[in-house]
Amino acid sequence: MAVLAGLALLGSSVVASGAGAAAGPVEDAQAAARRIPFTARIEISWVDRDSFHTAELTVRSVGGNVRLQAAGLQVGDDESFVLPDGELLVPALERKYDVSQSSGPTVAGRETELYSLRTAGVVREELAVDRSSGLVLQRQVFGAKGTPVRTVTVLQLDTAPMAEPAPAARHQVSVPRTISVSSVPAAYRGPAVLPGGYSRVAAYRHGQLVHLLYSDGLHGMSLFSQPGHLASASLPQGGEAVQVGVVVGVHYTWPGGDVVAWQSGPLVHTLVGDGTVTDLLAAAGAVPTAGGTSLLGRLRQTSRMVAELVSGGR
């Protein structure tokens, strides 16, 4: 939770990090976050179906090595990770969004340029970018009613040079293995495109878990799939039942965006996005249902898919 929320400071979703798209406000902010060492105190606010929430997070970054300290979030006191390297061929931002620039607010005592991103004439997101450093100092995502549903604001920013932080082995995030989509069993592959202009840009594997990354040029979605059964008794409280195709899933709102999980034959799918919940639910409904609806069929298909993952076959 803290990892994804902290990355909002960097000006884009995790999916778009290291993107190979043409230069623009998002790409420039990503480059600045890698190039400039910084320590920032961040306030995160978000709205779910029940209430308004806030939390604070401290982010320290040197050369893409990031250390987080969170207060008020359900994570460890100290967590570290490395920003992903390499290029992802994400869609061009302008394919979906119209970008306009104007003078922005003063954030953390710094002057900013404000980038407004619209689709169909409606503002979907605003980025306030520090004129001096190029870092994103405020990011607001707007819901269907035109009000902010998620805001990340830098309260204090220090860009003085500093030594690279030592890794925190206890909370070090293990990096999944990049794989080709063609090596993923068919039931795991997911569509090449999802509603809302999201294109599949990468695939990863961590044991029996397959992770497909999608991007619309600004926001990202991650589709996690693994064999198993979605046990409602083991799910966190606060979920909301939602329709996902012909089945019922569970939806959660969290600081970094929205999550929906559902059963699909022998697989459990979890879709995470940092855009709007409307986009997320439309995308979830477009993921094909895996076969094997009977108990015997699910057991057989699960065994076959696990064997395919282990062997790397199709």
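Biologist: How do the residues lining the second largest pocket divide into nonpolar, polar and charged?
Modeller: In this predicted model, the lining has ten nonpolar, eleven polar and nine charged residues.

Biologist: And how many residues line that pocket in total?
Modeller: The lining of the second largest pocket has 30 residues. Those nearest the centre are Val-47, Val-149, Thr-253, Asp-258 and Val-277.

Biologist: What's the volume of the second largest pocket?
Modeller: The space in there comes to about 680 Å³.

Biologist: Which strands and helix supply at least two residues each to the lining?
Modeller: The strands are S1 (38-47), S7 (122-130), S9 (148-158), S16 (247-254) and S17 (257-264), and the helix is H3 (277-285).

Biologist: Which element gives the largest share?
Modeller: That's S16, with four residues of the lining.

Biologist: Let's follow S9, then. Which way does S9 run against S1, parallel or antiparallel?
Modeller: S1 and S9 are antiparallel, paired over eight bridges. To find your place in the structure, look for Ile-42, whose bridge partner in S9 is Val-154.

Biologist: How many bridges join S9 to S8?
Modeller: Strand S8 (residues 136-142) is joined to S9 by five bridges, and the two run antiparallel. Gln-138 has Thr-153 of S9 as its bridge partner.

Biologist: Switching to S7, how does S7 pair with S6?
Modeller: S6 and S7 pair antiparallel, over eight bridges. Glu-113, for instance, has Val-129 in S7 as its bridge partner.

Biologist: And which residue takes a positive phi in the hairpin of S6 and S7?
Modeller: Ala-120 does, near 55°. That hairpin has two residues between its strands.

Biologist: Why is S6 described as largely enclosed by the rest of the structure?
Modeller: Because seven of the eight residues in S6 (residues 112-119) are buried. Buried here means under 20% relative accessible area.

Conventions
Residues are numbered from 1 along each chain as its sequence is written. This is a predicted model: local features need pLDDT of at least 70, side-chain atom pairs count only at pLDDT 80 or more; totals for chains, interfaces and linings use all residues. Side-chain values use heavy atoms; hydrogens and water are left out. On a 1 Å grid over the protein atoms alone, a cavity is a set of points where a 1.4 Å probe fits but cannot get out, and a pocket is an open set with protein on both sides within 12 Å along at least five of seven lines; lining residues have an atom within 4 Å of a point. Grid points are joined across faces, edges and corners, and a volume is the space filled by probe spheres set on the points. Ala, Val, Leu, Ile, Met, Phe, Trp, Tyr, Cys and Pro count as nonpolar, Asp, Glu, Lys and Arg as charged, and the others, Gly among them, as polar. Buried means under 20% relative accessible area, exposed over 50%, partly exposed in between (1.4 Å probe, protein chains only). Two strands pair if DSSP finds at least two bridges between them.
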